[in-house]
Amino acid sequence: MKKTTPFGDLEIFDAHTHFFSRKFIETLIGQSSHLSGEADPIGRAREMTGWTMPPADPAELAGIWKDELEKHNVSAAMMMASVPGDDTSIATAVSAFPDRIIGGYMFDPTRPDAEARAMRAFDELKLRVICLFPAMHQYSMAENEGVRAVVALAGERPGTAVFVHCGALSVGARKKLGLPSHFDLRRSNPLDIYKPAAEFPKARFIVPHFGAGMFREALMLADLCPNVSLDTSSTNSWMKYEAAPIDLPAVFKRALAVAGHERLLFGTDSSFFPRGWNAQVFDAQVRALVEIGVSNEQAAMILGGNLRRLLSKGKEQ
Ligand SMILES: [Zn+2]
């Protein structure tokens, strides 16, 4: 499947989307005594979010996403289960549409048996991207033993990656449902990834949103560690934190100068319906790439080729 772009007809792979399963919604409802006491908590969650509530069967939601991706001529997307313990929902989606959905899973390495849980997700559930949120679960990427164990596993498994959310973290679903976010943003520094990235050079790391406000640190990390890629997803509203005004073309230009065109992964951060796949984010990033004058080959890599290579099991990486 190819999508028409100013750089020609390209295979598009979205490196960052969320699989908001019914279990995801129910888990968040369970964290709110107010919501879980409602007569119809799902109906109340629909009202509070304005979102279409996902069907109970993750295979059905996967079918909705498959149609959505095809409608936009997007070849495949990394979709992550977005609460710990929801691995089986995304695994069901992957087994329904293995060509369209690459499975990622939010993982809390501070809970017991981190290594065994990650091994099961990689090897039995066939999930490819382990997604860490150190600010949310309050641990250090540099010091946590569970992190070290799961990074080692990823390093031994070609075709997998370790996604680490850094910088500003705000979870739209939590906000809309009125849930508190007791995060520790001191754990959000991309430089904390240096230690495991250097120790396990075969593990491939993805830092989303260009570091989400810690752009300089994300660039430092990518410069020092060839196994770190940056994803370009979301509206990148962190740009407002920069000391000097910066726009998306300038962000891409600086990231290209440091990380190069082989380590930038296009992503949208799409998550809920009815919005579906966020074409506006794609369009804005394509405009930025046009403005800074990347070649057709570079655009093809950023918009899809790099993610495919990163998650391939062959020798090409
Ligand atoms: Zn996201």
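This is a predicted model: local features need pLDDT of at least 70, side-chain atom pairs count only at pLDDT 80 or more; totals for chains, interfaces and linings use all residues.
A disulfide here is a pair of cysteine sulfur atoms within 2.5 Å. With that rule I get a count of zero disulfides. My numbering runs from 1 along each chain as its sequence is written, and side-chain values use heavy atoms, with hydrogens and water left out.

**Cysteines**

I looked up Cys166 next. Its closest cysteine sulfur is in Cys225, 12 Å away, which is too far for a bond. Cys225 is therefore in no disulfide, with the sulfur of Cys166 as its nearest at 12 Å. I then checked burial, using under 20% relative accessible area for buried, over 50% for exposed and partly exposed in between (1.4 Å probe, protein chains only). Cys166 comes out buried at 1%, and Cys225 is buried at 2%.

**Zinc site**

Which residues coordinate the zinc ion? I found His16 (NE2), His18 (NE2) and Asp269 (OD), at 2.0 to 2.1 Å. Along the chain these donors follow the spacing H-x1-H-x250-D. His18 and Asp269 link distant parts of the chain, 251 residues apart. His18 is in strand E3 (residues 13–19), while Asp269 is in the loop between strand E10 (264–265) and helix H13 (279–291). Both His18 and Asp269 are buried. My donor rule takes N, O and S atoms within 2.8 Å of the metal (3.2 Å for Na, K and Ca); water is not among the atoms, so the site may look incomplete. The element names come from DSSP runs numbered from the N terminus: helices are H or I with at least four residues, strands are E with at least two.

**Aromatics**

For rings I used Phe, Tyr and Trp (its six-membered ring), paired if their centres lie within 6.5 Å; planes under 30 degrees apart are stacked, over 60 edge-to-face, the rest tilted. Searching the whole structure gave me 14 aromatic pairs. One of them is Tyr105 with Phe107, edge-to-face, at 6.0 Å centre to centre and 90° between the planes. Tyr105 is buried at 0% relative accessibility, and Phe107 is buried at 2%.

Trp277 and Phe282 have ring centres 5.6 Å apart and planes at 50°, so I logged that pair as tilted. Trp277 is buried at 2% and Phe282 is buried at 3%. Phe282 also has the charged end of Lys3 sitting over its ring, 5.2 Å from the centre. That call needs NZ of Lys or CZ of Arg within 6 Å of the ring centre and within 35 degrees of the ring normal. I also noted one aromatic cluster formed by Phe20, Phe24, Trp51 and Phe272.

**Helix H14**

Buried residues in H14 include Ala299, Ile302, Leu303 and Leu310.
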